[in-house]
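Consider the chain shown here by moving from individual residues to the fold as a whole. The terms are given with their cut-offs as they come up.

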Amino acid sequence: MENINALEVANSPAIWGLAAIAVAAVFVEIILFFRLARRASKIGEVNLTKKQCNRALRAGVVSAIGPAFGVFIVMIGLVAVLGGPISWLRLSVIGGATTELTAASVGVKALGGDITQALSMVELSNAWWTMTINACGWLIVTWVFASRMEKVRHKIGGGDSRWMEIFSSAATLGIFGAFCSEYMVNGVRSSDFKVLLVMAVSALSMWALLYLSKRYKWLKEYSLGLAMVAGIASSMIF
């Protein structure tokens, strides 16, 4: 098994075919949700015109460009180490780009491997399993608690939408801070300050983009992706 090229297996036609089945189901869901939204727009309580629906659709498409650009950049890294089919599948169905990369890293590290190096079949399999099991938690939580989350939101925010924005932003900062902390600590311990410089460039880029987006509203949707590009470019330079 050790002589088998794991990436060749990961990119084999059989894996592409299996991944395509799940992604096709996602496309069917998109069509169904779109039809339901059109029908709901004609209900008396909503009563949106076709023009208003089209404007909302365009706004949604534009809003999705920025996050999708960020996902695309991370997906390049996933494809390089885990293969195209599983990356396409995970990021099309339920996965988040950063979460999937972290889960794969944990799976490989559990076997004493390094995701930046060529993987064996066992390491690749473990990475796939870790990504899948990690996503199962989201599904279970959504199934059990989704109907109750509105009550939780009101209890936490007290009906104050501004407070909920602050709470969500703080939670996001904590999550990404946890992701970055390992690299920061290792960089300081090994006196490798290039990692800290890359993080500083990314943070400053994000701040600058958000500042500019106050004047150029269209820029806000691209901020995440552009900040990631700046971070990747700085890592190549440093």
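S41 is found in helix α2, which spans residues 13–41, where helices are DSSP runs of H or I with at least four residues, strands are runs of E with at least two, and both are numbered from the N terminus. This is a predicted model, in which local features need pLDDT of at least 70 and side-chain atom pairs count only at pLDDT 80 or more, while totals for chains, interfaces and linings use all residues. Residues are numbered from 1 along each chain as its sequence is written, and side-chain values use heavy atoms, with hydrogens and water left out.

S41 counts as buried because its relative accessibility is 5%; buried means under 20% relative accessible area, exposed over 50%, and partly exposed in between, with a 1.4 Å probe and protein chains only. A polar atom of the S41 side chain lies 2.5 Å from the backbone oxygen of R38.

Helix α2 also holds A20, which counts as partly exposed because its relative accessibility is 31%. The C-alpha atom of A20 is separated by 8.8 Å from that of W88, a residue 68 positions apart from A20 along the chain. In helix α9 (residues 194–213) one finds L197, and L197 counts as partly exposed because its relative accessibility is 43%. Between the C-alpha atoms of L197 and G231, which are 34 residues apart along the chain, the separation is 9.2 Å.

For the chain as a whole, there are ten helices and zero strands. Among contacts (heavy atoms within 4.5 Å) between residues at least 6 apart in sequence, 60% join residues at least 24 apart. Buried residues make up 22% of the 238 residues, and the accessible surface, from the Shrake-Rupley method with a 1.4 Å probe, comes to about 16400 Å², of which 70% belongs to carbon and sulfur atoms.

What lines the second largest pocket? Its lining consists of M149, T172, I175 and F176, where a pocket is an open set of points on a 1 Å grid over the protein atoms alone, where a 1.4 Å probe fits, with protein on both sides within 12 Å along at least five of seven lines, and lining residues have an atom within 4 Å of a point. Helix α8 (residues 161–189) provides the largest share of this lining, three residues. About 220 Å³ of space lies in the second largest pocket, the volume being the space filled by probe spheres set on the points.

Note on methods: Polar contact = N/O pair within 3.5 Å; in protein donor to acceptor, adjacent residues only side chain to side chain.
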